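These are my notebook entries on one protein model. I set down what I looked up, topic by topic.

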Amino acid sequence: MTQKFNLALEPCIVCGSSDIDQTVLGTALADASDFTNKDEMQSKFRYELATCLICNHSSIQTDNPCWMPTRKHDFIKYGEPTEHYSQISEKLKTLNLEFKDVSVHTFSYKDFQLANLLASDLNIPSLELKDFAGCSRDWLPSVSGSISKPQALTSFISEIRESKKSHKIVLITRFFDHVHNRDLLQTILKLSSPSTHIVFDLNDYDRLFELGTLEFIWNERRNFFSQKNLASLLTRASVKFTMFTYESKAVSPTLTGVISSRLPSDMNSDAAVKSQSTNPHLGEKLLALRQHWKLELRLGHKLAIIGASHKGISLAQFVLDLDIRFSLHDDKEASKGKTPPVIPPLGFHSVSGFDFSEYTHLAITTTPIIAEKIIPKLRDSGFTGQFLDFDCRPFN
Ligand SMILES: [Zn+2]
């Protein structure tokens with residue numbers, strides 16, 4: 001059953017409809033962006049999975065006012081695919097810009113590698129790498145009517161507007177799937193002009209959800225764009241764009257695009273708009289996953305959740321029943337003495353050297369590559385229980 005509560009709903013970021021199905025992820029959950037000390041941890045928020053009944057776009061809606069929560073603490077740095085960056089370079093070449101007179105604008109540290117590659121590939125002479133997102137502590141509320149623009153975004157936009165170069169390339173590669181507010185997204189799209197060209201790069205949620213996992217439903221991700229959703233949003237915003245998908249062997253599949261009025265018109269939205277409408281039924285899948293975990297962990301069972309702190313916390317907060325006994329383990333966070341935002345507050349525990357003999361289940365929420373490395377070590381240390389992934393599926 002889909003439970004309803006009074007979270008002020010934002011209209012669908014893609015089509016603007018308010019006809020939305022809500023699945024409650026948790027009531028009064030701790031702020032999943034606050035990996036902090038116990039004393040400071042008070043804030044509780046509601047999170048829900050919202051699926052638009054008109055266009056099928058799914059998003060996380062919350063009264064947590066922070067629009068890009070983990071950036072508050074600037075601690076999360078993990079690998080994202082970069083092998084496809086040369087393809088972005090090729091797309092930009094077709095714009096026929098005078099690259100000697102181009103400025104490149106980076107929104108966060110996640111854009112630096114791409115900026116360096118473009119500068120060398122396209123012979124862009126000067127490059128100033130700035131992390132507006134990471135260095136700002138000023139993540140302002142943007143829910144329930146009173147919308148303020150985060151200072152970081154304002155500074156970023158000012159920098160672009162003040163550039164005296166004939167053309168500007170804006171790299172805001174990990175943004176569309178993190179931003180939850182329609183106005184913020186439109187603010188970025190409005191930057192597109194005959195002299196300003198935007199590059200975006202995000203997870204390809206069509207393909208992620210085809211993999212049958214819900215591990216990407218976590219607090220920092222706000223929009224699970226399908227290609228069709230994104231194409232529709234860009235078309236509504238009246239911008240010209242091109243999109244391509246890339247399958248990384250190492251990390252997540254990505255969806256990448258360039259927004260520019262200089263793109264040839266036949267390129268516009270090519271395969272993306274033609275792609276079939278997907279309906280991943282995320283709400284139903286989430287409820288099924290909760291039931292699955294509930295059946296797996298019964299009275300007397302004890303679960304350790306290992307690694308990838310955010311996914312671990314999402315599992316604890318969004319999926320597990322309140323009466324399940326669990327602990328969270330992450331060597332990096334444990335060494336910093338950080339407390340994960342779960343209720344009641346529990347410290348992060350280490351993985352290495354920890355005694356798991358009393359545990360019946362270990363959930364590994366890291367990447368499969370790391371899981372493969374640590375599982376034999378955990379077995380060697382004497383753990384005889386069940387290894388599971390985020391989706392409650394056993395690891396071999
Ligand atoms: Zn919609």
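Entry 1, the antiparallel sheet. I traced an open sheet of 4 strands in the order β1-β2-β3-β7, with antiparallel pairing. Its edge strands are β1 and β7 (223-224), each of which pairs on one side only. I took strands (E, at least two residues) and helices (H or I, at least four) as DSSP runs, numbered from the N terminus. I counted two strands as paired if DSSP finds at least two bridges between them. The model is predicted: local features need pLDDT of at least 70, side-chain atom pairs count only at pLDDT 80 or more, and totals for chains, interfaces and linings use all residues. Residues are numbered from 1 along each chain as its sequence is written.

I then looked at β1 and β2, which run antiparallel and are joined by 8 bridges. Within β1 (residues 20-30) I picked out valine 24, which stands opposite glutamate 48 in β2. I also noted that the C-alpha atoms of valine 24 and leucine 49 are separated by 6.4 Å, although the two residues are 25 apart along the chain. Is valine 24 buried, partly exposed or exposed? Valine 24 is partly exposed, because 18 other C-beta atoms lie within 10 Å. The cut-offs are 20 or more other C-beta atoms within 10 Å for buried, 12 or fewer for exposed, and partly exposed in between, with C-beta atoms placed from the backbone.

Helix α9 (residues 282-296) lies across β1, β2 and β3, and runs at about 130 degrees to β2. Such angles run from 0 to 180 degrees between N-to-C directions, with axes fitted as lines to C-alpha atoms, for helices over the stretch in contact.

Entry 2, the parallel sheet. I found 4 strands forming an open sheet in the order β11-β10-β12-β13, with parallel pairing. At the edges stand β11 and β13 (386-388), each with a single partner strand, so one side of each has no neighbour in the sheet. From one strand to the next the twist averages 20 degrees. I recorded that α10 packs on this sheet, touching β10, β11 and β12 (361-364), and that its direction makes about 165 degrees with that of β11. Contact here requires C-beta atoms, placed from the backbone, within 7 Å.

Strands β10 (residues 302-306) and β11 (residues 325-329) pair in the parallel sense over 5 bridges. Together β10, helix α10 (residues 309-319) and β11 make a right-handed β-α-β unit. A crossover is right-handed if, with the strands pointing away from the viewer, the path from the first strand over the helix to the second runs clockwise.

I took a nonpolar core as a set of buried Ala, Val, Leu, Ile, Met, Phe, Trp, Tyr and Cys residues joined through C-beta atoms within 7 Å. The largest has 48 residues, and Ile169, Leu171, Ile172 and Val199 have the most contacts inside it. A second, separate core of 40 residues includes Ala30, Trp218, Leu315 and Phe383. I listed the contacts of leucine 171 beyond four places in sequence, among them Val104, Phe107, Leu114 and Val199.

Most residues other than glycine have a negative phi. Asparagine 56 has a phi near 70 degrees and is found in the loop between β2 (44-52) and β3 (58-62). Asparagine 123 has a phi of about 55 degrees and sits in the loop between α2 (112-121) and α3 (132-135). Asparagine 56 is buried, with 20 other C-beta atoms within 10 Å, whereas asparagine 123 is exposed, with 10.

I counted 12 helices and 13 strands; of the 396 residues, 42% count as buried. The average pLDDT (the predictor's confidence in each residue, from 0 to 100) is 83, and 82% of the residues score at least 70. Which elements have the lowest and the highest mean pLDDT? Helix α8 (residues 270-274) has the lowest, 48, and strand β5 (residues 167-171) the highest, 98. Over residues 140-146 the pLDDT is below 50, and this stretch has 14 contacts in the model beyond near neighbours in sequence. Where pLDDT is low, the predicted coordinates should not be read in detail.

Notes. Contact = placed C-beta atoms within 7 Å.
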